[in-house]
Every structure is written in C-alpha cells, then in structure tokens.
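Please keep the viewer open as you read.

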Amino acid sequence: MDFVASLGLILPELILSLTGLVLLLVAAWAGDKASSAISVAGCVALGACFFLVARTVCAGASGPDTVAFFGQFRADAFAGFAKLMIYAASGAALVVAPAFFGRTGQMKAEYPVLILFATVGMSLMVSAGDLLTLYIGLEMNSLSAYVLAAFLRNDSRSSEAGLKYFVLGALASGILLFGMSLTYGFTGTTSFEGIRAAVGDGLNGGTLFGLVFVFAGLAFKISAVPFHMWTPDVYEGAPTPVTAFFASAPKVAAVALATRVAIEAFGSQADAWRQVVIFAALASIVVGALGAIGQSNIKRLLAYSSINNVGFILIGLACATPKGVSALLVYLAIYVAMTVGSFVAVLMMRAEDGTPIEGIADLAGLSRTRPALAWCLAMLMFSLAGIPPLFGFWGKFVVFQAAVQANLVALAAIGIAASVIGAFYYIKIVKIMFFDEPADTIRGKSDWAHWALLAISAIVVSPLGYLLTAWLGKLADGAAAALFLLA
C-alpha cells in the first residue's frame, strides 16, 4: 500500500493530532479564558472522527486494504469498534469537566488538549500491528494521563494520585518493554504477523517469558489483578471527570490492545496465555467484589467495580474464539455506558454550595430528596450487578455463553457464582438511597449537560437497551471477524 493510501487510513488520528496542536497554540496565546471554546472544538473533532470511523465499522472493514505503513497500523473494523467507544467516552469527559473545574476556577485550557492527545495514543493502541506502534501509542496515552491525574495542583489527593500513577505506570511500562525486547530477541521481528509465524511451531522459553511480561504490562493498564493496586487510590484522588475518563476510554483501549496482541501475535499458542488470562479474570472478579464491600467512598467503590468488570471482560478473551471476542466487545460497549453514567451521577452529588460529595452515607434517602437522580443511579447499579431486565445482564450473558461454547464451562460457572458477591454492594447503595433516613446533604443543582448524559446512559442500560442487541451484536461479530481474518 502506498504512502497516500496509508495517510487516508490514519485520517482520524491526523485530525485529532492537528486539532490538538492547534488548540495547544490557542491555549498558549489565549489562556484559560478560552478553555470552553477549546473544549467545544475538541468535541467537534471527536465527533468528526466518530463518524469517519463509524463507516469502517458498519462496512466490516478487514483484509489487506486496512493495513497501513507496512503492517504497523490496522484500520480494520475491530479497531474502529474500539475507537467509537474511546471517542464517545473522551467526548463525555470533555462535556462534564467545565462544571466541575469551573466551580473553583481551576478549568485550565490544557485539559481538553491533554484529552485529545491521550485519545490519539489510544487510537494508535487499538490499531497497532507492531510492537513499536503499540508502545508509542501506549506511552502517548500514559504521559497525558499522568498529568490529568494530578490536574488539581492545589489538591493533595490529586497530586498523590498523579505521583502513584506515574511511578507504578513507569514500572508497568518497563515490564512491558522488557517483554517486548524478549519477544523481539527470540522471534527476530516486532510485527504481530511475524511473531505469529515465528511461534507457530511452539514457544521456546525466552518467547514464553516475553509473552508473560507483555501480558503483565498490559494487565496494569486494564487494572487486572494482581496489577490493580493503583486503581482505588488514583480513582479516588484524581478529579472526578478525569476518573470517569480513566474508567472508560483507556480501559477500552488497553483491553482491545491486549486482545489484538493475544489473537494476532500469539493466537496460535492460545493454550499458553489462556491460563494467565483465566487466573486474572477470576482473581479480578473476586478481588473486585470483595474489595468494594467495605468502601465508604463512592469513587473507590466504582474503582473496585471496574476491577470486577474487567474480570468478566477477560472471560471473553480467554475463549480465544470469534464468539468470545464479539462478546468481549459487546460487554465493553455496555460497560462504557454504565461507567460514564455512574460517574456523571457522582459528579451530580454536590452540596448546596457546589462542594463535591463522595461519601456513600450521604446518599441516604436520596430517593426522597432527589428522586430523578436516585432512580437513574439505581438503574445503573442494578445494571452493573447484571440483574435482568437491565442491559448489563446482557453483557454478562453473552460472555458466559461464549465461554460455554468454547468448552470453558467451569470458568463460566465460577464467574456466575462470583458475580453474586458483587451484587451485594450495588444493592447496598440502592438500599441506602431508598430505605435509609434522608441525609439531605446532596442539594446542589446540575446543568443540562450532566442530566443529558445521565439520561442517555439510563436509557441505554434500561430494558430499552435490548433493542440494540441485534445491531450491536452484528457490529461486534464483524469486528471480531476482522481480527481473526488478519490472524
């Protein structure tokens, strides 16, 4: 494929990169007073890229025509499906930020620029066809994320979150880079297709070590046990719009990247990495469920909820089949809607003077003081628990169905049993909102943007979401097929 055609395939990344650079100059010259305009411009750029990529996903793009720069970049339907979720979640992070930061006058023009550059990195991650592209995209996302975590410079919790994320993220990047070096040393190539050909006859000791280190580095990015230790502290300390971003877009990018590496690079040796994925899946489900039970801060609880949900997502990856990857993508799409909605609800938990409230005890009696907010949050909690007829049940159902079809019946059974543990703390929040005496501390008003995002999320996770099952399943099947065609 020639250079011009390759540039056409990376058009969304080019748009985001150029927009980010232009907006960075605007931020330097106009200052923080232009932050609202910069945020709007960032949302427009993300919207344009969303519609560009949507065509690729709807067409089920796959094969040689989706490969750019000699295999280093893949603009197939699988990457496109992940990018749609990334762009939507990034746009939500831009929409909810002005109200949060504006209360204290800390809305900086750099915020939307950092979101855009992080999104470019995530786009490269999900389209990577080579270890070099993988690492460039991952680091571009990570460097922006470190700054975002510590965005509130006068808040000790935010500074602590940024420092913890940076130190542990650097360690994970080193582990990943070491694994990539081992893989290159023992296979002689950095391309996923070349690695697959090199390990086709089996894994030697060095390549096996490389595989383990690569998966360990990626496990940090998706908050999978035992590399989850940073998640509760960073989610609690980072500004809530940033936490909403961390829990959605980068999670999608890391899961999609791990899936592409597993299927494309090491797909012929699925038995070698399946054991690692199964352990991480079950451990994440159990640790996420048990860790959330004793939490008193809603953001820490949602952090453990994120770890718990990663476990269910990894069950789809453990199947190593097109059906499993399709189920993984369906679960991710539903998870993004539930997560964005949950954190928007947290952003709407404010005192009368606008001070953020994060204590679970402050939700007491919310159904009598803020009934609309309470009912929307209750729907999101029940959906996260996987309770029918809410749409979150469908995500768990398709994942367990794929596991059974892949003869992983024991894994599905254990996952179903462990999901009951997680239902406890979700139902506990609903009980506090509807049956406890009102605390009447959440009295702050919310703007239309928050209500709009919360309403959209609530509608998606409601029984009306099942109207999307056929359409969503078809798109996910096409995306999974594109990944296995290249594999």
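Helix 2 provides the largest share of a nonpolar surface patch, with 4 residues. In this predicted model, the patch covers about 530 Å² and is formed by Phe 3, Leu 7, Leu 11, Leu 14, Leu 18 and Leu 21. Two helices, helix 1 (3–9) and helix 2 (11–30), each contribute at least two of the patch residues. Phe 3 belongs to helix 1, and its relative accessible area of 55% makes it exposed.

Now step back to the whole chain. You will find 20 helices and 2 strands in it. The C-alpha trace spans about 65 × 55 × 40 Å along the principal axes. How does the radius of gyration agree with that of a compact globule? For 487 residues such a globule would have a value near 23 Å, and the chain has 21 Å, which agrees. Buried residues account for 60% of the 487 residues. Among contacts with a separation of 6 or more, 81% are between residues 24 or more positions apart. The chain exposes about 17600 Å², and 70% of that comes from carbon and sulfur atoms.

Thr 259 is buried, because its relative accessibility is 0% and the cut-off for buried is under 20%. Its side chain reaches the backbone oxygen of Val 255 at 2.8 Å. If you set aside neighbours within four places in sequence, Thr 259 is in contact with Phe 78, Leu 317, Val 325, Leu 328 and Leu 483.

The next residue to look at is Arg 260, whose side chain meets that of Asp 76 in a salt bridge, 2.9 Å from N to O. This pair links distant parts of the chain: Arg 260 is in helix 11, while Asp 76 is in the loop between strand 2 and helix 4 (77–102), 184 residues apart. Are the two partners buried or exposed? Arg 260 is buried at 0% relative accessible area, and Asp 76 is buried at 1%.

Side chains of opposite charge can pair when their charged atoms come close. The count for this model comes to 15 salt bridges. In helix 12 (residues 270–293), Asp 271 and Arg 274 lie 3 residues apart, about one turn of the helix. Their side chains meet in a salt bridge at 2.7 Å, N to O. Asp 271 is exposed, with a relative accessible area of 57%, whereas Arg 274 is buried at 18%. Elsewhere, salt bridges that share partners join Arg 157, Glu 160, Lys 164, Asp 233, Glu 236, Lys 299, Arg 300 and Glu 358 into one network.

Within that network, have a look at Glu 160 and Lys 164. Both lie in helix 7 (residues 156–187), 4 residues apart, about one turn of the helix. Glu 160 is partly exposed, with a relative accessible area of 40%, and Lys 164 is partly exposed at 29%.

Finally, turn to the backbone. Most residues other than glycine have a negative phi, and most peptide bonds are trans. Which loop holds Ser 223? Ser 223 lies in the loop between helix 9 and helix 10, and its phi is near 60°, a positive value in a residue other than glycine. Ser 223 is buried, with a relative accessible area of 0%. Pro 226 is found in the loop between helix 9 (205–221) and helix 10 (231–237), and the peptide bond that joins Val 225 and Pro 226 is cis, with omega about 10°.

Phe 70 also has a positive phi, about 55°, although it is not a glycine. Phe 70 lies in the loop between strand 1 (67–68) and strand 2 (73–74), and at 84% relative accessibility it counts as exposed. A cis peptide bond also runs from Pro 388 to Pro 389, with omega near 10°. Pro 389 is in the loop between helix 16 (371–385) and helix 17 (392–405).

Definitions and conventions. Residues are numbered from 1 along each chain as its sequence is written. This is a predicted model: local features need pLDDT of at least 70, side-chain atom pairs count only at pLDDT 80 or more; totals for chains, interfaces and linings use all residues. Side-chain values use heavy atoms; hydrogens and water are left out. Patches are made of residues with over 30% relative accessible area and no salt bridge: like charges are joined within 9 Å, nonpolar side chains (Val, Leu, Ile, Met, Phe, Trp, Tyr) within 5 Å. Accessible areas come from the Shrake-Rupley method with a 1.4 Å probe; for residues, only the protein chains shown count as cover. A salt bridge is a side-chain nitrogen of Lys or Arg within 4 Å of a carboxyl oxygen of Asp or Glu. Buried means under 20% relative accessible area, exposed over 50%, partly exposed in between (1.4 Å probe, protein chains only). A polar contact is a pair of N or O atoms within 3.5 Å; within protein, one must be able to donate a hydrogen and the other to accept it, and residues adjacent in sequence count only if both atoms are side-chain atoms. Contact means heavy atoms within 4.5 Å. The radius of gyration is taken over C-alpha atoms; the globule rule is 2.2 Å times the number of residues to the power 0.38.
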